[in-house]
Amino acid sequence: IMKGVMIDRKQTPMSTQPFHAPLPFILMPGLQRRVWIACLVLSLLTASLPGCSRAYQAITVCPSGCMCTANQEGIAHAAAGDVVMIGAGVYQENIVLAAGVSLQGAGASATIIDGGQRNSVVRGLSAAIGPDVALTEMTLRNGRAVNGGGMLLQGASPTLRNLMIEDCQAVALGGGLAVLNSGAPALQGVTLRNNRAANGGG
């Protein structure tokens, strides 16, 4: 048995009823019959595998030539486990995170999300935003909100890695980053600079 592979030894008893092939199957030429059998076996095997109905995928975002041109559009097209791959460029957006969907940029100097001082650049508004949601390799800038001009996490606990959060402001708490309602993000390589707030410029 291969190491690291879990095997469920509980098996459904096989039917003792004889298999009666349909008449069209009996009349098939030899090669066509073998192909039919192979397709049947493959369909039975894949149908028994949990979660095989949809593979995780990468949703691409860039100014032109990708699946999407806006990050929120990419998030809307994604399902839990997917990654939104953001190409180089400046994106004028205010993003709301979704459970299970990660965002990966092309580097903090290449992928820039500009909040336009309209709201927090990124918001995570639910405890369903857990460590499996990662934001990596991008800059968040020019956000403005009551709390968390760069990023507002309300009960959310995403993974933040290799981010720059700059030139953001908050009226009350956390110019760069505000974590409220027991949120607990994991930070690695996160730089905050030139952010302002009444309490906790960060």
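Strand S11 is largely enclosed by the rest of the structure, because 6 of its 8 residues are buried. This strand belongs to a predicted model of a protein chain with 3 helices and 15 strands.

**The chain as a whole**

- The protein chain has 202 residues, and 37% of them count as buried.
- Its accessible surface comes to about 11700 Å². Carbon and sulfur atoms account for 59% of that surface.
- Take the contacts between residues at least 6 apart in sequence: 68% of these join residues at least 24 apart.

**The nonpolar core**

- The largest nonpolar core holds 30 residues. Those touching the most other members are Val84, Leu103, Val122, Leu135, Leu140 and Met151.
- Several strands each supply at least two residues of this core: S1 (58–61), S2 (83–86), S8 (134–141), S10 (151–154) and S11 (159–166).
- Beyond its neighbours within four places in sequence, Leu140 is in contact with Ile113, Val121, Val122, Gly150, Met151, Met164, Ile165, Glu166 and Cys168.

**Strand S11 and its partners**

- Strand S11 pairs with S8 in the parallel sense, over 7 bridges. Within this pairing, Leu135 stands opposite Leu160 in S11.
- Strand S11 is also joined to strand S14 (residues 186–193) by 7 bridges, and these two strands run parallel. Here Thr159 has Ala186 in S14 as its bridge partner.
- In a regular strand, side chains alternate between the two faces of the sheet.

**Glu166**

- Is Glu166 buried or exposed? Its relative accessibility is 11%, and the cut-off for buried is under 20%, so Glu166 counts as buried.
- Glu166 has its place in strand S11.
- Setting aside residues up to four places away in sequence, Glu166 touches Thr139, Leu140, Arg141, Asn142, Arg193 and Asn195.

**The open sheet of S9, S12 and S15**

- In this part of the model, 3 strands form an open sheet with parallel pairing, in the order S9-S12-S15.
- Which strands stand at the edges? They are S9 (144–147) and S15 (196–199). Each of these has a single partner strand, so one side of each is left without a neighbour in the sheet.
- From one strand to the next, the twist averages 10 degrees.
- Strand S12 (residues 169–173) is joined to S15 by 3 bridges, and the two run parallel. Ala170 stands opposite Ala197 in S15.

**Ser102**

- Ser102 lies in strand S5, which covers residues 102–104.
- Ser102 has a relative accessible area of 10%; buried means under 20%, so this residue is buried.
- Which backbone atom does the side chain of Ser102 reach? The side chain reaches the backbone oxygen of Asp132, at 3.2 Å.
- Apart from neighbours within four places in sequence, the residues in contact with Ser102 are Asp82, Val83, Val84, Asp132, Val133 and Ala134.

Methods
Residues are numbered from 1 along each chain as its sequence is written. This is a predicted model: local features need pLDDT of at least 70, side-chain atom pairs count only at pLDDT 80 or more; totals for chains, interfaces and linings use all residues. Side-chain values use heavy atoms; hydrogens and water are left out. Helices (H or I, at least four residues) and strands (E, at least two) are DSSP runs, numbered from the N terminus. Buried means under 20% relative accessible area, exposed over 50%, partly exposed in between (1.4 Å probe, protein chains only). A polar contact is a pair of N or O atoms within 3.5 Å; within protein, one must be able to donate a hydrogen and the other to accept it, and residues adjacent in sequence count only if both atoms are side-chain atoms. Contact means heavy atoms within 4.5 Å. Two strands pair if DSSP finds at least two bridges between them. Axes are lines fitted to C-alpha atoms, for helices over the stretch in contact, and angles run from 0 to 180 degrees between N-to-C directions. Accessible areas come from the Shrake-Rupley method with a 1.4 Å probe; for residues, only the protein chains shown count as cover. A nonpolar core is a set of buried Ala, Val, Leu, Ile, Met, Phe, Trp, Tyr and Cys residues joined through side-chain atoms within 4.5 Å.
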